[in-house]
Amino acid sequence: MLSYRHLFHAGNCADVFKHALLTRLLAGLGRNPNPYFYLDTHAGIGRYDLTRPWAQKACEFENGIGRLWGRTDTPEALKAYMDLVRAENPDGKLRYYPGSPLIALRLRRLGDRMVFSELNKTDHAELEALVARERRVAVHLMDGYQALKAFLPPAERRGLVLIDSSFDRAREFPRLVRALTEAHERWATGMYAAWYPLMDADTMAAFERNLRRTGIRKILRLELATAPRDQTRVIPGSGMLVVNPPWHFDTEARPLLQWLWGALAVDGAGGTRVDWLVPE
Ligand SMILES: C[S@@+](CC[C@H](N)C(=O)[O-])C[C@H]1O[C@@H](n2cnc3c(N)ncnc32)[C@H](O)[C@@H]1O
């Protein structure tokens, strides 16, 4: 039984953080003329209508993409991401928000190949309908962690794997570490981006310890916290691990996250972090 539905959260702070970084990673891959492979293990529906009742219920997007929508001073590093969101809303009103599969599809070149897996039947059907006419794109009703086993290593030998679990199970942190370890054993040179929520200090310390024990090198940690820690109903922020990031991704991401923090933080709460959890 899957209880999490991304419909309620689309376009929130975590999505802005994740998708801004994802856009930079994919744009980086696109600078090399050779085709790349992209695997999105927890893909969602691909495009979210923010006027639908489920999005209106919590209005999480208002504190996320809603805060960036009217800004005319977004930095260059955010331009590609904002352009993608604007392209979904050509009349200038924020209504549609692109999920990770749609972001990847819009940045794809001829020859790049994409695989999306999604375990929720309804969400899978919506995503399948969205990408039905796309070539070199496959959508699977499949557990995302199984997809890592099924599709790695890819024939292209370069590419990105996004692991964006909904973290609706208590043991998701150790599960993510195991999945990363196994995927890395299959494809050590691939790039991996794994999203996680910021939780209590003990959970985060165990996560960090377990990651260091994997033996995987070149793990960059990026975090953005925008809400006070004492708000029990919302997570204070989110993080992303990038294994084998592009050259200088750390220096590029620092000012980007700092700008996002300034735009999204509630009463100056939280902050940013970009550091090497495990260097080269
Ligand atoms: C955080 S959302 C994904 C959002 C999407 N990556 C994006 O950025 O637009 C997590 C998704 O994973 C799906 N899901 C949950 N458990 C899964 C599993 N074991 N394998 C694949 N998908 C799963 C949920 O139905 C949900 O759509």
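Predicted model: local features only at pLDDT ≥ 70, side-chain atom pairs only at ≥ 80, totals over all residues.

Asparagine 244 is found in the loop that runs between strand 9 (237–243) and helix 10 (249–264). The briefing begins with backbone features and then turns to salt bridges and helix packing.

- Asparagine 244 has a phi near 60°, which is a positive value in a residue other than glycine.
- Asparagine 244 counts as buried because its relative accessibility is 16%, and buried means under 20%.
- Aspartate 267 is not a glycine either, yet its phi is positive, at about 50°.
- The loop that holds aspartate 267 lies between helix 10 and strand 10 (271–278).
- Aspartate 267 counts as exposed because its relative accessibility is 78%, and the term exposed applies over 50%.
- Leucine 152 and proline 153 are joined by a cis peptide bond, with omega at about 0°.
- Proline 153 is placed in the loop between helix 7 and strand 6.

- A search of the whole structure finds 18 salt bridges.
- One of these salt bridges is formed by arginine 108 and glutamate 134, whose closest N and O atoms are 2.9 Å apart.
- Arginine 113 forms a salt bridge with glutamate 156, and here the closest N and O atoms are 2.7 Å apart.
- This second pair also links distant parts of the chain, 43 residues apart: arginine 113 belongs to strand 4, while glutamate 156 sits in the loop between helix 7 (144–151) and strand 6 (159–163).
- Arginine 113 is partly exposed, at a relative accessible area of 25%, whereas glutamate 156 counts as buried, at 18% relative accessibility.

**A salt-bridge network**

- Glutamate 208 and arginine 221 meet through their side chains in a salt bridge of 2.9 Å, N to O.
- Glutamate 208 is partly exposed, with a relative accessible area of 22%, while arginine 221 is buried, with a relative accessible area of 7%.
- Glu208 and Arg221 are linked with Arg212 and Asp275 in a network of salt bridges.

**Packing of helix 8 with helix 9**

- Two packed helices are described by the angle between their axes and the distance between the axes.
- The axes of helix 8 (residues 172–186) and helix 9 come within 10 Å and cross at roughly 15°.
- Helix 8 and helix 9 are therefore roughly parallel to each other, since angles under 35 degrees are placed in that class.
- The crossing in which helix 8 passes helix 9 is right-handed.
- Helix 8 contributes Phe173, Leu176, Val177 and Leu180 to the contact, and helix 9 contributes Thr203, Met204, Phe207, Asn210 and Leu211.
- By class, the contact of helix 8 with helix 9 has seven nonpolar residues, two polar residues and no charged residues.

**Packing of helix 1 with helix 10**

- Helix 1 (residues 13–29) packs against helix 10 at an angle of about 155°, and their axes are 11 Å apart.
- Helix 1 and helix 10 are therefore roughly antiparallel to each other, since that class holds angles over 145 degrees.
- Helix 1 passes helix 10 in a crossing that is right-handed.
- The residues of helix 1 in the contact are Cys13, Val16, Phe17, Ala20, Leu21, Arg24 and Leu25, and those of helix 10 are Phe249, Glu252, Ala253, Leu256, Leu257, Leu260 and Leu264.
- The contact of helix 1 with helix 10 divides into twelve nonpolar, no polar and two charged residues.

**A mostly covered helix**

- Helix 5 is mostly covered, as six of its eight residues are buried.
- The buried residues of helix 5 are Ser100, Pro101, Leu102, Ile103, Ala104 and Leu105.

Terms used:
Residues numbered from 1 in each chain as written. Heavy atoms only, no water. Salt bridge = Lys/Arg side-chain N within 4 Å of Asp/Glu carboxyl O. Helix = DSSP H or I, 4+ residues; strand = E, 2+ residues; numbered from the N terminus. Buried < 20%, exposed > 50% of the residue type's maximum accessible area, 1.4 Å probe, protein only. Axes fitted to C-alpha atoms, helices over the stretch in contact; angles between N-to-C directions. Parallel < 35°, antiparallel > 145°, perpendicular 65-115°, else oblique. Left-handed = near helix turned anticlockwise from the far one by under 90°. Contact = heavy atoms within 4.5 Å. Nonpolar A, V, L, I, M, F, W, Y, C, P; charged D, E, K, R; others polar.
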